[in-house]
Amino acid sequence: MTIKQTDWKNKPMTDKADKIDLTLTFDKYEFEKIRDGHKPTDMNDRWFIYSDDNWIFFHRSWTGDCIFKVRFDRIDDNRYATMECWVERDEKKYTVKDENENRELIG
């Protein structure tokens, strides 16, 4: 089942977001699974994830705040790669400044 934006509360990313370097590749099967998204199932589940076109959006499940958005493109018949990644920098919404930690959360 593919998760849609309307399946959970969500807010747009603010204009304080920063672009970060992120290099990830996935085969077609992996990417389709990622693009299917994720809907929280209990209070400990922190993320609501959905896709729109080639963008994957990561929202905090409790607040609906968009923390990450990542654009993927197909690079050959069987692989997809990240083309750009944005992270929320409004400290009221997300306080992790370390880019390596941000990359780990996404990857």
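# Aromatic rings, cores and strand pairing

W8, F48, Y50, W55 and F57 come together in one aromatic cluster. The model is a predicted one. Its chain contains two helices and six strands, arranged along the sequence as β-β-α-β-β-β-β-α.

**Overall form**

- The C-alpha trace spans about 40 × 30 × 20 Å along its principal axes.
- The radius of gyration is 13 Å, and a compact globule of 107 residues would have a value near 13 Å, so the chain agrees with that expectation.
- Of the 107 residues in the chain, 37% are buried.
- Taking contacts between residues at least 6 apart in sequence, 51% join residues at least 24 apart.

**Strand pairing around strand 6**

- Strand 1 (residues 18–20) runs antiparallel to strand 6, and three bridges join the two. Within strand 6, C85 is the residue opposite I20.
- Strand 2 (residues 25–27) is also antiparallel to strand 6 and is joined to it by three bridges. Here T25 has A81 of strand 6 as its bridge partner.
- Strand 5 and strand 6 are antiparallel and are joined by eight bridges. Two residues lie between these strands, which form a hairpin.
- Two positions illustrate the pairing with strand 6: K69 has W86 as its bridge partner, and R74 stands opposite Y80.

**Strand 4 and strand 5**

- Five bridges hold strand 4 and strand 5 in an antiparallel pairing.
- These strands form a hairpin with five residues between them, and G64 in this hairpin takes a positive phi near 80 degrees.
- F58 has F68 in strand 5 as its bridge partner.

**Aromatic pairs**

- Two quantities describe a pair of aromatic rings: the distance of the centres and the angle of the planes.
- With ring centres required to lie within 6.5 Å, the count comes to eleven aromatic pairs.
- Y50 and F57 are a stacked pair, because their planes are at 15 degrees, under the limit of 30 degrees, with the ring centres 5.1 Å apart. Both Y50 and F57 are buried.
- F58 and F68 form an edge-to-face pair, with 6.0 Å from centre to centre and 90 degrees between the planes. This pair links distant parts of the chain, since F58 is in strand 4 (residues 55–60) and F68 is in strand 5 (residues 66–76), ten residues apart.
- The side chain of K69 is placed over the face of W55, at 5.5 Å from the ring centre. W55 is also one of the residues in the aromatic cluster.

**Nonpolar cores**

- The largest nonpolar core has 19 residues, and F58, F68, V70 and I106 are those with the most contacts inside it.
- Strand 3 (47–52), strand 4, strand 5 and strand 6 (79–87) each supply at least two residues of this core. Strand 5 gives the most, with four residues.
- Apart from its neighbours within four places in sequence, V70 is in contact with L22, N54, W55, I56, F58, T82, E84, C85 and I106. Among these contacts, F58 and I106 are also listed with V70 for the most contacts inside the largest core.
- A second, separate core has seven residues, including I3, M13, A17 and F48. F48 also belongs to the aromatic cluster with W8, Y50, W55 and F57.

- F58 is the bridge partner of F68, forms an edge-to-face pair with F68, and is in contact with V70.
- K69 has a bridge partner in W86 of strand 6 and lies over the face of W55.
- C85 stands opposite I20 and is in contact with V70.

How values were computed. Residues numbered from 1 in each chain as written. Predicted model: local features only at pLDDT ≥ 70, side-chain atom pairs only at ≥ 80, totals over all residues. Heavy atoms only, no water. Phe/Tyr/Trp six-rings, centres within 6.5 Å; stacked < 30°, edge-to-face > 60°. Buried < 20%, exposed > 50% of the residue type's maximum accessible area, 1.4 Å probe, protein only. Lys NZ or Arg CZ within 6 Å of the ring centre and 35° of its normal. Core = buried A, V, L, I, M, F, W, Y, C linked by side-chain atoms within 4.5 Å. Contact = heavy atoms within 4.5 Å. Pairing = 2+ DSSP bridges. Rg over C-alpha atoms; globule rule 2.2 N^0.38 Å.
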